[in-house]
Number of protein chains: 2
Amino acid sequence: MSYKTKVSRNENITKLQAGYLFPEIARRKNAHLLKFPDAKIISLGIGDTTEPIPEVITSAMAKKSYALSTLEGYSGYGAEQGEKPLRSAIVSTYYKDLGIDDDDIFVSDGAKCDISRLQVVFGSNVKMAVQDPSYPAYVDSSVIMGQTGFYQKDVQKFANIEYMKCKPENGFFPDLSSISRPDIIFFCSPNNPTGAAATREQLTQLVQFAKDNGSIIVYDSAYAMYISGDNPRSIFEIPGAKEVALETASFSKYAGFTGVRLGWTVIPKQLLFSDGFPVAKDFNRIVSTCFNGASNISQAGGLACLSPEGLKAMRDVIGFYKENTDIIVETFDSLGFKVYGGENAPYVWVYFPGRSSWDVFGEILEKTHVVTTPGSGFGPAGEGFIRVSAFGHRENVLEACRRFKQLYK
Amino acid sequence: MSYKTKVSRNENITKLQAGYLFPEIARRKNAHLLKFPDAKIISLGIGDTTEPIPEVITSAMAKKSYALSTLEGYSGYGAEQGEKPLRSAIVSTYYKDLGIDDDDIFVSDGAKCDISRLQVVFGSNVKMAVQDPSYPAYVDSSVIMGQTGFYQKDVQKFANIEYMKCKPENGFFPDLSSISRPDIIFFCSPNNPTGAAATREQLTQLVQFAKDNGSIIVYDSAYAMYISGDNPRSIFEIPGAKEVALETASFSKYAGFTGVRLGWTVIPKQLLFSDGFPVAKDFNRIVSTCFNGASNISQAGGLACLSPEGLKAMRDVIGFYKENTDIIVETFDSLGFKVYGGENAPYVWVYFPGRSSWDVFGEILEKTHVVTTPGSGFGPAGEGFIRVSAFGHRENVLEACRRFKQLYK
């Protein structure tokens, strides 16, 4: 018999369901590879960037690396909130004329990490609302912090979370009149996985809803640069948002920084808890105690991203992925599927009426060796959908689409 | 009147005292600079590395940066647990013949970050014990997770934490017979701030204490490579430790990675919660949900650190800081102070009997423009001590010591 400590397992963690979505998909992909060792697998699943990082950015990181070997260029602990020039560049690039200051910006090692740190700030006594479907880290981090009850298998929801249904029927924007008061509203636009970007009118409604309820919006704008049209790129374009919203963002999908790790969170000093204490001050405390700042090399890369040449290079990469998106949209369109997303996001949301997402995921993997993501992994309202990611080399996207056409012709 | 949301502030965060220690010191240093704008301040405070990173390491990071601009060299999301070759190299460098496997290793962006993630794993229903004095992140992260009661001003302790007194009288090793059963024992050796490295006999006692109580030891070995003598470098050198301990470590103080950000945590698969569930599995879930892995560039640097040339270069840097330590120890020794630490750690722990640490900190700053760290910032048993860090350029350490000699001659 093995020795066991007397420390109880954290009950909140026991509430989590199976694996976190993407490791679960990786597991199924590996099982498939065991069955078909020669399969030429194409992954349009997890949404991992595939295109090289433009040289204007990597050469800045290489330069910073070399500089760390010199007396003048060496730096140790940086400010936990991030380096000043990067915080300034983020403001002038993304929040110009929106009344955001340099010290409202917190540089991070990615949006996912900041989402968890935000949950630590909020603690266990808040009730959250989340778009259904949405990026699973919102719900899972809420469960981990003890904000929820147990998972209810019949409805595929955790107790004490408001799931805000986003379906084609409501234009992927929730019916806010049906939502009971949440403390925290996670809202991702353009949405992962549906690809829907909220309009100015919708976001105005959302801000008004938060104001009426005294709620805080955690606005995830990680895909904002993929927006083609006129929809807001930041929640702070909406008047009054600074009093009810914070925003988290990332270089991952703009510059291919999924492995380099860099993002940021904006917390306006106007955002206050019920006792008048600024949310930013508590976040600052958590960042100082639980984090030591993003890598100084990654931050040098981020600064290069926001130079004129870097911005152009990022837009070129984004343009490339958007062409992929068009190819995927056209493919499913031509096969007679209802297809959503794509226009303002690197994700295509394909409808398979009456079918289980995991079944469709399995069918596509089995028959075409293409990895997608089952919509139900993003929430119960994702059931019947598949998310196809546009992150891929062109020849892989074309080949995947050829295989889709064969399977569903 | 400003608008306030209706979201209550997290009560656990309100329990924290003043600023986190090091930002607080930075604040006092800045106030000093306002008063003495021309002061040539020398910082032997926070323990930030100052010497350039050896080129064998930075050139590997530069190479990885450039590679990210090529099709073959590009990589996106890595395994949340870290890259395989780095995990293997960590095992063969630091845990050879100790029965630790590659998949017991979790690569991180630093020990401080992993300490917080570990606290998230443990949750709010555990009771912790901590060396007094010790690195403040242990206690603060426990408070944040809701494991403690309120701060009790009279004893300068949080309720529901066992403070294990480590003083010269007990050789800086706690009297374990006086400690009531904890779930989690944070133990740092060589200790920050006292510099004391526990002996094999002491660690054998500690492991036995954990086994008797069914406790889990979180062993922080961030300074292990500074050990001069024969004391254990890893808790896993103690038989049976794998069933009651995990270990967290860092490249920060070995390779000057305080800004680059890289560390690791070892969780043996033999370490089980009371229900038999492996601690490593829950940590894996937290790492997958709340973290996306350390920067791939930092990881390339870590791998270079563990090459034969990298190891030699790290040992040279450590040797340099150890010479600084000797200079500081000799200085305070010659001035008649009781001096501890230094031999096995980059920290010197100087005793000022009957005086308040913050007063001595203020006196030293005011009279010599040298920033130290007040011992009481590490816990009530640190009162009357000052921590002097050996991280500094040689000429600064020498100049600081000249000023100490003038002040205390």
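# Between the chains and inside them

Q: How many salt bridges are counted between chain B and chain A?
A: The count is six salt bridges between chain B and chain A, and please keep in mind that this is a predicted model.

Q: Which residue of chain A does D282(B) meet in a salt bridge?
A: The side chain of D282(B) pairs with that of R9(A), and the N to O distance in this salt bridge is 2.7 Å.

Q: And how many residue pairs are in polar contact there?
A: Between chain B and chain A, 46 residue pairs are in polar contact, counting pairs with both residues at pLDDT 80 or more.

Q: Which elements of chain B give two or more residues to that side?
A: They are α3 (55–67), α5 (111–122), α6 (137–144), α7 (200–213), α9 (279–290) and α10 (296–305) of chain B. Of these, α3(B) gives the most to the side that touches chain A, with seven residues.

Q: What about the classes of residue on that side of chain B?
A: The side of chain B that touches chain A has 39 nonpolar residues, together with 36 polar and 20 charged ones.

Q: How much area do the two chains bury between them?
A: Chain B and chain A bury about 7500 Å² between them, and 58% of that area is on carbon and sulfur atoms. Y3(B), Y77(B) and R285(B) supply 11% of what chain B buries against chain A, which is more than any other three residues. In terms of residues, 95 of chain B are in contact with 96 of chain A.

Q: Switching to chain A by itself, what domains is it divided into?
A: Chain A is divided into domain 1, made up of 11–52 + 310–408, and domain 2, which covers 57–306. Taken over C-alpha atoms, the centres of these two domains of chain A are separated by 24 Å. Their contact takes 36 residues from domain 1 and 51 residues from domain 2 of chain A.

Q: What do those domains bury, and how many salt bridges does the rule find across their interface?
A: Domain 1 and domain 2 of chain A bury about 3600 Å² between them, with 65% of it on carbon and sulfur atoms.

Q: Where does the largest share of the domain 1 side come from?
A: The largest share of the side of domain 1 of chain A that touches domain 2 comes from α11(A), with eight residues. By class, that side of domain 1 has 19 nonpolar, 10 polar and seven charged residues.

Q: Which residues of helix α4 in chain A are buried?
A: In α4 of chain A, which spans residues 84–94, the buried residues are L86(A), R87(A), A89(A), I90(A), V91(A) and Y94(A). These buried residues of α4(A) pack against β2 (105–108), α8 (252–255), β10 (263–266), α10 (296–305) and α11 of chain A.

Q: Back to chain B: is T331(B) buried or exposed?
A: T331(B) has a relative accessible area of 3%, so T331(B) counts as buried, the cut-off being under 20%. T331(B) lies in helix α11 of chain B, residues 308–334.

Q: What does T331(B) touch?
A: Leaving aside residues up to four places away in sequence, T331(B) touches C401(B), F404(B) and K405(B).

Note on methods
Residues are numbered from 1 along each chain as its sequence is written. Chains are lettered from A and ligands numbered from 1 in the order in which they are written. This is a predicted model: local features need pLDDT of at least 70, side-chain atom pairs count only at pLDDT 80 or more; totals for chains, interfaces and linings use all residues. Side-chain values use heavy atoms; hydrogens and water are left out. Contact means heavy atoms within 4.5 Å. Buried area is the accessible area (1.4 Å probe) that two parts lose on being put together, summed over both. A salt bridge is a side-chain nitrogen of Lys or Arg within 4 Å of a carboxyl oxygen of Asp or Glu. A polar contact is a pair of N or O atoms within 3.5 Å; within protein, one must be able to donate a hydrogen and the other to accept it, and residues adjacent in sequence count only if both atoms are side-chain atoms. Helices (H or I, at least four residues) and strands (E, at least two) are DSSP runs, numbered from the N terminus. Ala, Val, Leu, Ile, Met, Phe, Trp, Tyr, Cys and Pro count as nonpolar, Asp, Glu, Lys and Arg as charged, and the others, Gly among them, as polar. Domain bounds come from an automatic or database domain assignment. Buried means under 20% relative accessible area, exposed over 50%, partly exposed in between (1.4 Å probe, protein chains only).
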